Amino acid sequence: MPGLSNPRYRGIFPVVPTTFNEDGSLDLSSQKRCLDFMIDSGVDGLCLLANYSEQFLLADDEREILTRTSLEHVAGRVPVIVTTTHTSTRICAERSRRAQDMGAAMVMVMPPYHGATFRFSETQVRAFFQGLSDAIDIPIMIQDAPAAGTPLSPAFLANMAKEIEQVSYFKMETAGAASKLRELIALGGEAIEGPWDGEEAITLLADLEAGATGAMTGGGFADGIRPIIEAHRSGDKDKAFAEYQRWLPLINHENRQAGFLAAKALMKEGGVIACEAPRSPWPPLHPEVRRQLLDIARRLDPLVLRWGN
């Protein structure tokens, strides 16, 4: 029986960036190379269409194209999580069913919200996730992120995990994530099948200490982050600390300076993808931020800088 002590999925599941041509159209050739590189970098799974995939800049038909193309190309090599967030219960459920039918292992969903002020009560949020669970047969990961602006207490999340069949994974990205994970696990027990770290691993070590069993990071250097997770899992906390200390400058630069463009800049530099540009109106990476990113990365020699060259 899946649960906290026997999760179906654990380890590192980085976010896959969406690759564009210079004119902003989808570059599916680069997208496939991106997927191949990420699998070669040692991921345990992948996540499509997250915020770090620029999902908020994609049209509905493009989401369908990217989901189908990616799942067909991965072809079961690793499990794939598909983000299906939408304010509407019906639309989120339809997106999730389609992702499931295409082969997704799990869906990741933020609580319903819209803009800076449209929020929903716990009763409405619970009904939203109940409706979503009723529509699919694969796990739901609730993404607890500041972008939604919706308070999700550990008690509320634990209750949903116990009472709603598919609600079983949780990606914590709010302030004090480790404390929230610790409380969630204490309240939910085995119903909390996947307490996961997020936010590009900036709080990874604290979250692992709190009981996190998975991490959803940026997509550029899983080969650097996976050893941290594995060392901690094996009980070698000194090695986990040393590896985290080594990679933290790059993690920090991605999280605090470059954002979701870090992975694409690294992939472009390493010959993985053809173009690192975001889609308008998002601004390109500042040249100095990019230079510093690559300077830090070269000191660490991640696979991304060698894979395509």
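Helices (H or I, at least four residues) and strands (E, at least two) are taken here as DSSP runs, numbered from the N terminus. The structure is a predicted model, in which local features need pLDDT of at least 70 and side-chain atom pairs count only at pLDDT 80 or more, while totals for chains, interfaces and linings use all residues. Residues are numbered from 1 along each chain as its sequence is written, and side-chain values use heavy atoms, with hydrogens and water left out.

Asn-51 lies in the loop between β2 and α2. Its C-alpha atom is separated by 8.6 Å from that of Val-15, a residue 36 positions away along the chain. When residues up to four places away in sequence are not counted, Asn-51 touches Phe-56, Met-110, Gln-143 and Phe-260, where contact means heavy atoms within 4.5 Å.

A search of the whole structure finds eleven aromatic pairs; rings of Phe, Tyr and Trp (its six-membered ring) pair if their centres lie within 6.5 Å, and planes under 30 degrees apart count as stacked, over 60 as edge-to-face and the rest as tilted. One of these pairs joins Tyr-9 to Phe-13 in an edge-to-face arrangement, at 6.3 Å centre to centre and with 75° between the planes. Tyr-9 is buried, with a relative accessible area of 19%, and Phe-13 is buried as well, at 1% (buried means under 20% relative accessible area, exposed over 50%, partly exposed in between, with a 1.4 Å probe and protein chains only). Tyr-52 and Phe-260 form an edge-to-face pair too, with 6.0 Å centre to centre and 75° between the planes. Because Tyr-52 lies in the loop between β2 (46-48) and α2, and Phe-260 in the loop between α9 (237-258) and α10 (261-269), this pair ties together parts that are 208 residues apart in sequence. Both Tyr-52 and Phe-260 are buried. One aromatic cluster is formed by Tyr-9, Phe-13, Tyr-169 and Trp-196.

Helix α2 (residues 60-74) packs against helix α3 (residues 89-102) at an angle of about 25°, with the axes 10 Å apart; axes are lines fitted to C-alpha atoms, for helices over the stretch in contact, and angles run from 0 to 180 degrees between N-to-C directions. The angle makes α2 roughly parallel to α3, a term applied to angles under 35 degrees. The contact is made by Asp-60, Arg-63, Glu-64, Thr-67, Arg-68 and Leu-71 of α2 together with Arg-95, Arg-98, Ala-99 and Met-102 of α3.

Notes: Angles under 35 degrees count as roughly parallel, over 145 as roughly antiparallel, 65 to 115 as roughly perpendicular and the rest as oblique.
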